[in-house]
Amino acid sequence: MLNIVLFGPPGAGKGTQAERIKDHYSLVHLSTGDIFRFNMKKSTKLGLLAKSYIDKGELVPDEVTIKMLESEVIKYPESNGFIFDGFPRTTLQAKNLDEFLKSKNTAITKMIALDVPNNELIERLLLRGKDSGRADDQNKEVIANRIKVYEDQTAILADYYRLQNKLVSVDGIGTVDEITHRLYSAIDN
Ligand code: AMP
């Protein structure tokens, strides 16, 4: 199995690139943000709970997020592998993912980190907010908080995967195609 964690701050381009990687390697794309938004649209119990955190740019609690992610993974027992987009975001999530995959006799193959500087992120998110309809992309304070939460709780995960020799960094500045090709080389090498 090929299991990729696509890592990077909000606005780094994870969603766009994960869709391409999914098609190219025939993987299942699991985006925790997309699953939360789907539940918000349907006003499920999970969606209502997630909304109260997402609207502020905070993380949805680990317990809820981990349970949701695991219930998604088990829906695809025949898959070639997964591209995880937006998960894990905390050390507890990363540890749980490792244990969970181990219990399924598999593991994370690589974590690929998209490097994009903060000033570029804010511009990209505000631009995306104009047509995505995502409330959390339209408010400067919420965007600033998401970047802060990333720096405080998520960025440290690069070290977690570096210690396992699984971290590969990719320059996230360029055209969508250029970045896709860098990602393919990072996965193939
Ligand atoms: P994203 O679409 O990845 O930018 O995620 C949008 C929002 O969903 C985040 O700002 C968080 O509030 C929530 N979220 C997504 N993934 C996670 C996760 N792994 N852990 C906690 N909250 C998450």
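The legends below accompany close-up views of a predicted model.

View 1. Strand β2 runs parallel to strand β3 (residues 81-85), and the two are joined by four bridges. For serine 31, the bridge partner in β3 is aspartate 85.

View 2. Of the six residues of strand β4 (residues 110-115), five are buried, so the strand is largely enclosed by the rest of the structure. Strand β1 (residues 2-7) runs parallel to β4 and is joined to it by four bridges, with isoleucine 4 standing opposite lysine 110 in β4. Towards β5 the pairing is likewise parallel, through five bridges, and here isoleucine 112 stands opposite valine 168 in β5.

**View 3. The shell around the ligand.** The ligand is surrounded by 16 residues, of which Thr32, Arg37, Glu58, Gly86 and Arg89 are the closest. Among the contributors to this shell, helix α2 (residues 32-41) gives the most, with four residues.

View 4. A polar backbone atom of valine 60 lies 3.0 Å from a nitrogen atom of the ligand, while an N or O atom in the side chain of glutamine 93 is 2.9 Å from a nitrogen atom of the ligand. An oxygen atom of the ligand is, in turn, 3.3 Å from a polar side-chain atom of arginine 134. The ligand taken alone exposes 480 Å², and the protein buries 96% of that area.

View 5. Once neighbours within four places in sequence are left aside, the residues in contact with arginine 134 are Arg37, Arg128 and Arg146. Arg37 is also listed among the closest residues to the ligand.

View 6. Phenylalanine 87 and proline 88 are joined by a cis peptide bond, with omega at about 0°. Proline 88 belongs to the loop between β3 and α5 (91-103). Most residues other than glycine have a negative phi, and most peptide bonds are trans.

**View 7. Two loop residues with positive phi.** Serine 43, in the loop between α2 and α3 (45-54), has a phi near 50°, a positive value in a residue other than glycine. Asparagine 105, in the loop between α5 and β4, is not a glycine either, yet has a positive phi of about 60°. As to accessibility, serine 43 counts as partly exposed at a relative value of 47%, whereas asparagine 105 is exposed, with a relative accessible area of 75%.

Conventions. Residues numbered from 1 in each chain as written. Predicted model: local features only at pLDDT ≥ 70, side-chain atom pairs only at ≥ 80, totals over all residues. Heavy atoms only, no water. Contact = heavy atoms within 4.5 Å. Pairing = 2+ DSSP bridges. Near = heavy atom within 4 Å. Polar contact = N/O pair within 3.5 Å; in protein donor to acceptor, adjacent residues only side chain to side chain. Areas by Shrake-Rupley, 256 points an atom, 1.4 Å probe, with all protein chains shown as cover. Buried < 20%, exposed > 50% of the residue type's maximum accessible area, 1.4 Å probe, protein only.
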